[in-house]
Amino acid sequence: VRVLQRDLAARAPPHVRDRQERVDRVLADEAGQRRVMRGARLQEHAGVDTISDGEWRRHHYVEEFTHRVGGFKRDIIVGREGILFPGVVGRMFNDPSEPIFFRDARFLAKHTDRVPKFALPSPYIIMRRYWSPTKSVRAYPTRESFIEHLSEILHQEAQAVVKAGAQVVQLDDPLVTYFCDPDYSSGKRVLADTGKFGKVEDELTLAITHINRVFEGVKARRQ
């Protein structure tokens, strides 16, 4: 299980929560912790032996990352069916001494006696969905330069969540399944604002190369 069905409070965007008063943020965090514990108990009761936090402390598996790491502007990339996504417009920054997801992974590991699993977004899906040839080039002139930086940051995050107690690290990339769509793989149907790609084989090689870079030297139970 990666994601459990969430209530409206769990789906509240972090940029909304962050504008609240300090006491409200504390209360929201405590509520998130209670949801994670409840989600862990649900999985354990169902007999699941590898337990995730159900993403009940994060409103979106990618945009929680983009919000915390900086450099992204909201609602400037037009995706499928007119859905708006953030786009990268500045250099990302992360402090290795304060990993983005360490606290979330540690909390999960402390509240289950099963195998704790933590999911991170793949560098490829972030590159493909959030880099624009018209909006991002000042920060990252090419999408390759963007994915290089992404895999560097996510490598640090993978190491951090293992240190926090995660025994399984999962990289999520549903975007690679789009290549099963002949219209998408042929370039007839592409994500708006994010440019066209070349050969499918080259795209998959790019995705796999940077997935491997994220996991290089990461000593989890399994990945």
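This is a predicted model: local features need pLDDT of at least 70, side-chain atom pairs count only at pLDDT 80 or more; totals for chains, interfaces and linings use all residues.

Student: Which helix lies across β1 and β4?

Tutor: That is α4, residues 102-110. Helix α4 runs at about 160 degrees to β4.

Student: In what order do the strands of this open sheet come?

Tutor: The order is β1-β4-β5, three strands with parallel pairing. At the edges are β1 (50-51) and β5 (168-172), each of which pairs on one side only.

Student: How many bridges does β4 make with β1, and how many join β4 to β5?

Tutor: With β1, strand β4 (residues 115-121) pairs over 2 bridges; there, Thr50 sits opposite Val115 of β4. On the β5 side there are 5 bridges, and Ala119 has Gln170 in β5 as its bridge partner.

Student: How many of the residues of β4 are buried?

Tutor: The count is 7 of 7, so β4 is mostly covered, where buried means under 20% relative accessible area. Look at both faces: Val115, Lys117, Ala119 and Pro121 point one way, while Pro116, Phe118 and Leu120 point the other way. The residues of both sets are buried.

Student: Now for helix against helix. How are two packed helices described?

Tutor: The description uses the angle between their axes and the distance between the axes. Here, take α5 (residues 123-130) and α6 (residues 143-163): they pack at about 140 degrees, with axes 9 Å apart. The crossing of α5 past α6 is right-handed.

Student: Which residues meet where α5 packs on α6?

Tutor: From α5 come Pro123, Tyr124, Ile126, Met127, Arg128 and Tyr130. Their counterparts in α6 are Arg143, Phe146, Ile147, Leu150, Ser151 and Leu154. By type, the residues of this contact are 9 nonpolar, 1 polar and 2 charged.

Student: What about the nonpolar core: how many residues does the largest one have, and which have the most contacts inside it?

Tutor: The largest nonpolar core has 46 residues. Phe65, Phe72, Met92, Tyr124, Ile126 and Phe146 are those with the most contacts inside it. At least two residues each come from α3 (63-69), β2 (72-78), β3 (84-88), β4, α5, α6, β5 and α8 (200-215). Helix α6 gives the most, with 7 residues.

Student: Which residues does Phe146 touch, leaving out those up to four places away in sequence?

Tutor: Phe146 touches Phe72, Val88, Met92, Ile126, Met127, Tyr130, Trp131 and Tyr140. There is also a second, separate core of 5 residues, among them Ala40, Ile51, Phe107 and Leu108.

Conventions:
Residues are numbered from 1 along each chain as its sequence is written. Side-chain values use heavy atoms; hydrogens and water are left out. Axes are lines fitted to C-alpha atoms, for helices over the stretch in contact, and angles run from 0 to 180 degrees between N-to-C directions. Helices (H or I, at least four residues) and strands (E, at least two) are DSSP runs, numbered from the N terminus. A crossing is left-handed if the near helix is turned anticlockwise from the far one by less than a right angle, and right-handed if clockwise. Contact means heavy atoms within 4.5 Å. Ala, Val, Leu, Ile, Met, Phe, Trp, Tyr, Cys and Pro count as nonpolar, Asp, Glu, Lys and Arg as charged, and the others, Gly among them, as polar. Two strands pair if DSSP finds at least two bridges between them. A nonpolar core is a set of buried Ala, Val, Leu, Ile, Met, Phe, Trp, Tyr and Cys residues joined through side-chain atoms within 4.5 Å. Buried means under 20% relative accessible area, exposed over 50%, partly exposed in between (1.4 Å probe, protein chains only).
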